[in-house]
Amino acid sequence: MIIDISEWQRPDQINMALLAPQVTGVIIRVQYGFAKEDDYFKEHLRAFQQYKIPCAVYAWVRGDSEAQMIKEARAFYERAKAFDPVFWWLDVEEQSMSDMRRGCEIYRQTLKDCGAKYVGAYIANHLYAQLNLDTTAFDAIWIPTYGRNTGIFEGSTPTATTRFDLHQFTSNGRLKGYNGPLDLNRLNHVTFEQLFPSSAKVEASKTPVNEKEGIKMRTFRLQAPIYLRTAPTITSKEITLLPKDALVRIQNIHIKEGYLWGEQARADGSKGYLALGTFSSYGQLL
(Lines give C-alpha, C1' and ligand atoms only; values in the text may rest on other atoms or scores of the structure.)
Protein backbone atom coordinates (compact mmCIF):
# COMPACT_ATOMS: atom_id res chain seq x y z
CA MET A 1 0.00 0.00 0.00
CA ILE A 2 1.68 3.18 -1.25
CA ILE A 3 -0.02 6.50 -0.47
CA ASP A 4 0.86 10.10 -1.22
CA ILE A 5 -0.17 12.95 1.02
CA SER A 6 0.16 16.70 1.47
CA GLU A 7 -1.10 19.45 3.75
CA TRP A 8 -4.63 18.52 2.69
CA GLN A 9 -4.30 15.56 5.05
CA ARG A 10 -3.83 17.36 8.35
CA PRO A 11 -1.68 15.49 10.91
CA ASP A 12 -4.16 16.22 13.71
CA GLN A 13 -6.79 14.32 11.72
CA ILE A 14 -4.63 11.19 11.27
CA ASN A 15 -4.51 8.35 13.77
CA MET A 16 -1.05 7.03 12.96
CA ALA A 17 -1.44 3.99 15.22
CA LEU A 18 -4.28 2.83 12.94
CA LEU A 19 -3.02 4.15 9.60
CA ALA A 20 0.65 3.18 9.74
CA PRO A 21 0.21 -0.64 9.87
CA GLN A 22 -1.66 -0.48 6.55
CA VAL A 23 0.98 1.59 4.72
CA THR A 24 4.09 0.16 3.06
CA GLY A 25 5.48 3.41 1.66
CA VAL A 26 4.48 7.08 1.56
CA ILE A 27 5.28 9.99 -0.76
CA ILE A 28 4.96 13.38 0.95
CA ARG A 29 4.61 16.81 -0.66
CA VAL A 30 7.26 19.32 0.37
CA GLN A 31 6.36 22.38 -1.68
CA TYR A 32 4.13 23.96 -4.30
CA GLY A 33 6.49 25.93 -6.50
CA PHE A 34 9.18 27.89 -4.69
CA ALA A 35 7.29 30.19 -2.35
CA LYS A 36 4.71 27.75 -0.96
CA GLU A 37 6.21 25.29 1.51
CA ASP A 38 3.78 22.53 2.46
CA ASP A 39 2.37 23.35 5.90
CA TYR A 40 2.80 19.89 7.38
CA PHE A 41 5.51 18.08 5.45
CA LYS A 42 7.88 17.98 8.42
CA GLU A 43 5.19 16.62 10.72
CA HIS A 44 4.22 14.01 8.13
CA LEU A 45 7.80 12.89 7.59
CA ARG A 46 8.53 12.63 11.31
CA ALA A 47 5.32 10.70 11.96
CA PHE A 48 5.79 8.10 9.22
CA GLN A 49 9.49 7.69 9.89
CA GLN A 50 8.72 7.12 13.55
CA TYR A 51 6.67 4.13 12.40
CA LYS A 52 9.60 2.90 10.23
CA ILE A 53 7.73 3.54 6.97
CA PRO A 54 10.01 4.43 4.01
CA CYS A 55 9.35 8.00 2.91
CA ALA A 56 9.76 9.64 -0.49
CA VAL A 57 9.02 13.30 -1.23
CA TYR A 58 7.55 15.33 -4.07
CA ALA A 59 7.33 18.94 -5.21
CA TRP A 60 4.81 20.56 -7.57
CA VAL A 61 6.82 22.16 -10.38
CA ARG A 62 5.93 25.78 -11.24
CA GLY A 63 9.16 27.26 -12.58
CA ASP A 64 8.60 29.71 -15.46
CA SER A 65 12.26 29.94 -16.49
CA GLU A 66 15.44 27.92 -16.29
CA ALA A 67 16.64 30.06 -13.39
CA GLN A 68 13.39 29.49 -11.52
CA MET A 69 13.56 25.74 -12.09
CA ILE A 70 17.00 25.72 -10.48
CA LYS A 71 15.73 27.83 -7.59
CA GLU A 72 12.79 25.49 -6.99
CA ALA A 73 14.96 22.37 -7.14
CA ARG A 74 17.46 23.76 -4.64
CA ALA A 75 14.67 24.83 -2.27
CA PHE A 76 13.10 21.37 -2.54
CA TYR A 77 16.37 19.70 -1.67
CA GLU A 78 17.24 22.03 1.20
CA ARG A 79 13.80 21.66 2.76
CA ALA A 80 13.75 17.86 2.71
CA LYS A 81 17.38 16.72 2.85
CA ALA A 82 17.52 16.40 6.66
CA PHE A 83 14.87 13.67 6.45
CA ASP A 84 16.93 11.58 4.01
CA PRO A 85 14.02 10.65 1.70
CA VAL A 86 14.47 7.53 -0.40
CA PHE A 87 13.19 9.09 -3.65
CA TRP A 88 12.59 12.63 -4.96
CA TRP A 89 9.67 13.27 -7.31
CA LEU A 90 8.88 16.19 -9.61
CA ASP A 91 5.11 16.72 -9.74
CA VAL A 92 4.47 18.06 -13.25
CA GLU A 93 0.82 19.01 -13.70
CA GLU A 94 0.99 22.35 -15.49
CA GLN A 95 2.94 23.93 -18.32
CA SER A 96 4.65 26.67 -16.34
CA MET A 97 7.20 27.49 -19.06
CA SER A 98 7.20 27.08 -22.83
CA ASP A 99 9.92 24.41 -22.94
CA MET A 100 8.97 22.07 -20.11
CA ARG A 101 11.26 19.36 -21.46
CA ARG A 102 14.27 21.61 -20.94
CA GLY A 103 12.96 23.09 -17.70
CA CYS A 104 12.26 19.76 -16.01
CA GLU A 105 15.60 18.35 -17.12
CA ILE A 106 17.33 21.30 -15.46
CA TYR A 107 15.24 20.72 -12.33
CA ARG A 108 16.12 17.01 -12.33
CA GLN A 109 19.82 17.62 -12.88
CA THR A 110 19.93 20.29 -10.16
CA LEU A 111 18.45 17.81 -7.67
CA LYS A 112 21.06 15.25 -8.69
CA ASP A 113 23.85 17.83 -8.33
CA CYS A 114 22.57 18.70 -4.86
CA GLY A 115 22.81 15.06 -3.79
CA ALA A 116 19.44 13.43 -4.58
CA LYS A 117 20.27 9.87 -5.67
CA TYR A 118 16.92 8.89 -7.17
CA VAL A 119 14.70 11.38 -9.02
CA GLY A 120 11.38 10.55 -10.68
CA ALA A 121 8.63 12.43 -12.48
CA TYR A 122 4.88 12.43 -11.81
CA ILE A 123 3.31 13.50 -15.10
CA ALA A 124 -0.34 14.39 -15.65
CA ASN A 125 -1.75 11.80 -18.07
CA HIS A 126 -3.68 14.38 -20.12
CA LEU A 127 -0.58 16.60 -20.48
CA TYR A 128 1.94 13.84 -21.09
CA ALA A 129 2.34 14.43 -24.85
CA GLN A 130 2.14 18.21 -24.57
CA LEU A 131 4.81 18.45 -21.88
CA ASN A 132 7.12 16.13 -23.86
CA LEU A 133 9.45 15.42 -20.95
CA ASP A 134 12.57 13.32 -21.47
CA THR A 135 11.27 10.43 -19.40
CA THR A 136 14.39 8.34 -20.08
CA ALA A 137 16.43 10.71 -17.91
CA PHE A 138 14.38 10.00 -14.79
CA ASP A 139 14.83 7.05 -12.47
CA ALA A 140 11.08 6.33 -12.50
CA ILE A 141 7.81 7.60 -13.97
CA TRP A 142 4.55 8.01 -12.03
CA ILE A 143 1.24 8.53 -13.86
CA PRO A 144 -2.27 9.26 -12.50
CA THR A 145 -5.50 7.90 -14.00
CA TYR A 146 -8.56 7.13 -11.90
CA GLY A 147 -11.23 5.57 -14.11
CA ARG A 148 -14.47 5.74 -12.10
CA ASN A 149 -12.43 6.78 -9.04
CA THR A 150 -14.21 4.39 -6.70
CA GLY A 151 -11.30 4.04 -4.32
CA ILE A 152 -10.13 0.69 -5.70
CA PHE A 153 -8.23 -0.30 -8.83
CA GLU A 154 -10.69 -1.45 -11.48
CA GLY A 155 -8.30 -1.98 -14.39
CA SER A 156 -8.17 1.60 -15.69
CA THR A 157 -4.53 2.25 -16.62
CA PRO A 158 -2.73 5.33 -18.01
CA THR A 159 -3.47 5.98 -21.67
CA ALA A 160 -0.58 8.38 -22.41
CA THR A 161 2.12 5.72 -22.11
CA THR A 162 2.70 2.12 -21.12
CA ARG A 163 6.14 2.95 -19.75
CA PHE A 164 5.45 3.90 -16.16
CA ASP A 165 6.53 2.50 -12.83
CA LEU A 166 3.91 3.81 -10.42
CA HIS A 167 0.20 4.34 -11.08
CA GLN A 168 -1.90 6.65 -8.93
CA PHE A 169 -5.19 4.85 -9.47
CA THR A 170 -7.54 6.78 -7.20
CA SER A 171 -7.87 9.99 -5.23
CA ASN A 172 -10.74 8.50 -3.26
CA GLY A 173 -9.03 5.72 -1.33
CA ARG A 174 -10.05 4.94 2.24
CA LEU A 175 -7.90 3.56 5.05
CA LYS A 176 -8.49 3.17 8.75
CA GLY A 177 -7.01 6.01 10.75
CA TYR A 178 -8.01 8.83 8.42
CA ASN A 179 -11.60 9.88 7.83
CA GLY A 180 -11.11 11.31 4.37
CA PRO A 181 -9.99 10.49 0.82
CA LEU A 182 -6.44 9.38 0.10
CA ASP A 183 -4.39 8.97 -3.08
CA LEU A 184 -3.53 5.29 -3.54
CA ASN A 185 -0.89 3.90 -5.88
CA ARG A 186 0.11 0.57 -7.39
CA LEU A 187 3.41 -0.69 -8.77
CA ASN A 188 3.74 -1.48 -12.48
CA HIS A 189 6.38 -4.10 -13.36
CA VAL A 190 8.80 -2.92 -10.67
CA THR A 191 9.45 -3.98 -7.11
CA PHE A 192 8.72 -1.91 -4.04
CA GLU A 193 12.46 -1.83 -3.39
CA GLN A 194 13.08 -0.07 -6.72
CA LEU A 195 10.91 2.91 -5.83
CA PHE A 196 11.82 2.90 -2.15
CA PRO A 197 15.43 1.85 -2.78
CA SER A 198 16.88 2.31 0.68
CA SER A 199 14.74 -0.67 1.70
CA ALA A 200 17.11 -2.86 -0.30
CA LYS A 201 20.24 -1.76 1.58
CA VAL A 202 21.76 -3.86 4.32
CA GLU A 203 24.65 -3.19 6.65
CA ALA A 204 27.01 -5.98 7.70
CA SER A 205 27.41 -6.56 11.44
CA LYS A 206 30.53 -7.80 13.19
CA THR A 207 29.02 -11.23 13.79
CA PRO A 208 31.53 -14.09 13.29
CA VAL A 209 31.12 -15.89 9.98
CA ASN A 210 30.87 -19.57 9.14
CA GLU A 211 31.30 -21.44 5.89
CA LYS A 212 28.04 -22.79 4.40
CA GLU A 213 27.02 -23.71 0.87
CA GLY A 214 30.13 -22.17 -0.65
CA ILE A 215 29.77 -18.64 0.81
CA LYS A 216 30.38 -17.02 4.16
CA MET A 217 27.29 -16.94 6.35
CA ARG A 218 26.82 -13.47 7.80
CA THR A 219 24.31 -11.51 9.81
CA PHE A 220 23.06 -8.18 8.46
CA ARG A 221 21.20 -5.31 10.06
CA LEU A 222 18.59 -3.81 7.72
CA GLN A 223 18.84 -0.07 7.13
CA ALA A 224 15.17 0.10 6.13
CA PRO A 225 12.17 -2.27 5.77
CA ILE A 226 12.32 -4.97 3.09
CA TYR A 227 10.06 -7.84 2.06
CA LEU A 228 11.02 -11.44 2.79
CA ARG A 229 9.62 -13.62 -0.03
CA THR A 230 9.01 -17.31 -0.59
CA ALA A 231 11.26 -17.44 -3.69
CA PRO A 232 13.95 -15.24 -5.27
CA THR A 233 11.55 -13.54 -7.69
CA ILE A 234 9.80 -10.16 -7.60
CA THR A 235 6.40 -11.81 -8.07
CA SER A 236 6.75 -14.42 -5.35
CA LYS A 237 4.55 -14.35 -2.26
CA GLU A 238 5.52 -12.00 0.56
CA ILE A 239 6.17 -13.81 3.85
CA THR A 240 6.54 -10.65 5.91
CA LEU A 241 7.87 -7.11 5.82
CA LEU A 242 11.08 -7.15 7.83
CA PRO A 243 11.40 -3.90 9.81
CA LYS A 244 14.32 -1.49 9.86
CA ASP A 245 17.13 -2.63 12.21
CA ALA A 246 16.02 -6.28 11.98
CA LEU A 247 18.90 -8.77 12.02
CA VAL A 248 18.86 -11.30 9.16
CA ARG A 249 21.29 -14.15 8.63
CA ILE A 250 22.17 -14.75 4.99
CA GLN A 251 23.37 -18.26 4.17
CA ASN A 252 23.44 -18.15 0.38
CA ILE A 253 23.24 -15.75 -2.57
CA HIS A 254 21.15 -16.18 -5.73
CA ILE A 255 21.09 -14.20 -8.97
CA LYS A 256 17.64 -14.06 -10.56
CA GLU A 257 15.63 -11.52 -12.59
CA GLY A 258 18.53 -9.10 -12.46
CA TYR A 259 18.73 -9.06 -8.65
CA LEU A 260 21.02 -10.42 -5.98
CA TRP A 261 18.89 -12.32 -3.48
CA GLY A 262 19.93 -13.27 0.02
CA GLU A 263 18.68 -16.64 1.25
CA GLN A 264 17.60 -16.94 4.88
CA ALA A 265 16.84 -20.19 6.72
CA ARG A 266 13.61 -20.02 8.71
CA ALA A 267 12.69 -21.76 11.97
CA ASP A 268 10.13 -24.05 10.31
CA GLY A 269 12.73 -25.42 7.90
CA SER A 270 11.66 -23.30 4.92
CA LYS A 271 13.68 -20.54 3.28
CA GLY A 272 12.99 -16.88 2.73
CA TYR A 273 14.57 -14.54 0.20
CA LEU A 274 15.21 -10.78 0.22
CA ALA A 275 16.41 -8.60 -2.64
CA LEU A 276 19.80 -7.08 -1.82
CA GLY A 277 19.93 -4.91 -4.93
CA THR A 278 20.16 -5.07 -8.71
CA PHE A 279 22.90 -7.32 -10.02
CA SER A 280 24.02 -4.62 -12.47
CA SER A 281 25.04 -2.45 -9.53
CA TYR A 282 27.53 -5.13 -8.45
CA GLY A 283 28.98 -6.28 -11.75
CA GLN A 284 28.36 -8.26 -14.92
CA LEU A 285 27.83 -12.00 -15.17
CA LEU A 286 30.67 -13.68 -17.13
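Reader: Axes are lines fitted to C-alpha atoms, for helices over the stretch in contact, and angles run from 0 to 180 degrees between N-to-C directions. On that basis, at what angle do helix α3 and helix α4 pack, and how many Å apart are their axes?

Author: The model is a predicted one, and the values given here are computed from it. Two packed helices are described by the angle between their axes and the distance between the axes. For helix α3 (residues 66–80) and helix α4 (residues 100–114), the angle is about 35° and the axes are 8 Å apart.

Reader: Which hand does the crossing of α3 and α4 have, left-handed or right-handed?

Author: A crossing is left-handed if the near helix is turned anticlockwise from the far one by less than a right angle, and right-handed if clockwise. By that rule, the crossing of α3 and α4 is right-handed.

Reader: Which residues make the contact between α3 and α4, and how do they divide into nonpolar, polar and charged?

Author: From α3 the contact draws on Glu 66, Met 69, Ile 70, Glu 72, Ala 73, Arg 74, Phe 76 and Tyr 77, while α4 supplies Met 100, Arg 102, Gly 103, Cys 104, Ile 106, Tyr 107, Thr 110, Leu 111 and Cys 114. Sorted by type, the residues of this contact come to 11 nonpolar, two polar and four charged.

Reader: What span should the 15 residues of α3 have, and how far apart are its end C-alpha atoms?

Author: The expected span of a helix is 1.5 Å times one less than its number of residues. The 15 residues of α3 should therefore span 21 Å, which agrees with the separation of its end C-alpha atoms, 22 Å.

Reader: Which residues of α3 are buried, and against which elements do they pack?

Author: Buried means under 20% relative accessible area, and in α3 the residues that qualify are Met 69, Glu 72, Ala 73, Ala 75, Phe 76, Tyr 77, Arg 79 and Ala 80. The elements against which these buried residues of α3 pack are β2 (25–32), β3 (36–37), α2 (41–50), β4 (55–60), β5 (88–92) and α4.

Reader: Which elements do the buried residues of α4 pack against?

Author: The buried residues of α4 are Met 100, Gly 103, Cys 104, Ile 106, Tyr 107, Arg 108, Thr 110 and Leu 111. They pack against β2, β4, α3, β5, β6 (119–123) and α5.

Reader: Where is Ser 65 placed, and how many Å separate Ser 65 and Arg 102, C-alpha to C-alpha?

Author: Ser 65 belongs to the loop between β4 and α3, and its side chain reaches the backbone nitrogen of Gln 68 at 3.1 Å. Because its relative accessibility is 27%, Ser 65 counts as partly exposed. Although Ser 65 and Arg 102 are 37 residues apart in sequence, their C-alpha atoms are separated in space by 9.7 Å.

Reader: Is Arg 229 buried or exposed, and which backbone oxygen does its side chain reach?

Author: Arg 229, found in strand β13 (residues 226–229), has a relative accessibility of 6% and so counts as buried. Not counting residues up to four places away in sequence, Arg 229 touches a set of residues including Glu 193, Trp 261, Lys 271 and Tyr 273. At 3.1 Å, the side chain of Arg 229 reaches the backbone oxygen of Ser 236.

Reader: With which side chain does the side chain of Asn 125 make a polar contact?

Author: Asn 125 lies in the loop between β6 and α5 and, with a relative accessible area of 17%, it is buried. Leaving aside neighbours within four places in sequence, Asn 125 is in contact with Ile 143, Pro 144, Thr 145, Pro 158, Thr 159 and Ala 160. The polar contact, at 3.0 Å, is with the side chain of Thr 159.

Reader: What is the phi of Asn 132, and what is that of Asn 149?

Author: Asn 132, in the loop between α5 (128–131) and β7 (140–144), counts as partly exposed because its relative accessibility is 43%. Asn 149, in the loop between β7 and β8 (166–175), counts as partly exposed because its relative accessibility is 23%. Neither residue is a glycine, yet Asn 132 has a positive phi of about 55°, and for Asn 149 the positive value is near 55°.

Terms used
Residues are numbered from 1 along each chain as its sequence is written. This is a predicted model: local features need pLDDT of at least 70, side-chain atom pairs count only at pLDDT 80 or more; totals for chains, interfaces and linings use all residues. Side-chain values use heavy atoms; hydrogens and water are left out. Helices (H or I, at least four residues) and strands (E, at least two) are DSSP runs, numbered from the N terminus. Contact means heavy atoms within 4.5 Å. Ala, Val, Leu, Ile, Met, Phe, Trp, Tyr, Cys and Pro count as nonpolar, Asp, Glu, Lys and Arg as charged, and the others, Gly among them, as polar. Buried means under 20% relative accessible area, exposed over 50%, partly exposed in between (1.4 Å probe, protein chains only). A polar contact is a pair of N or O atoms within 3.5 Å; within protein, one must be able to donate a hydrogen and the other to accept it, and residues adjacent in sequence count only if both atoms are side-chain atoms.
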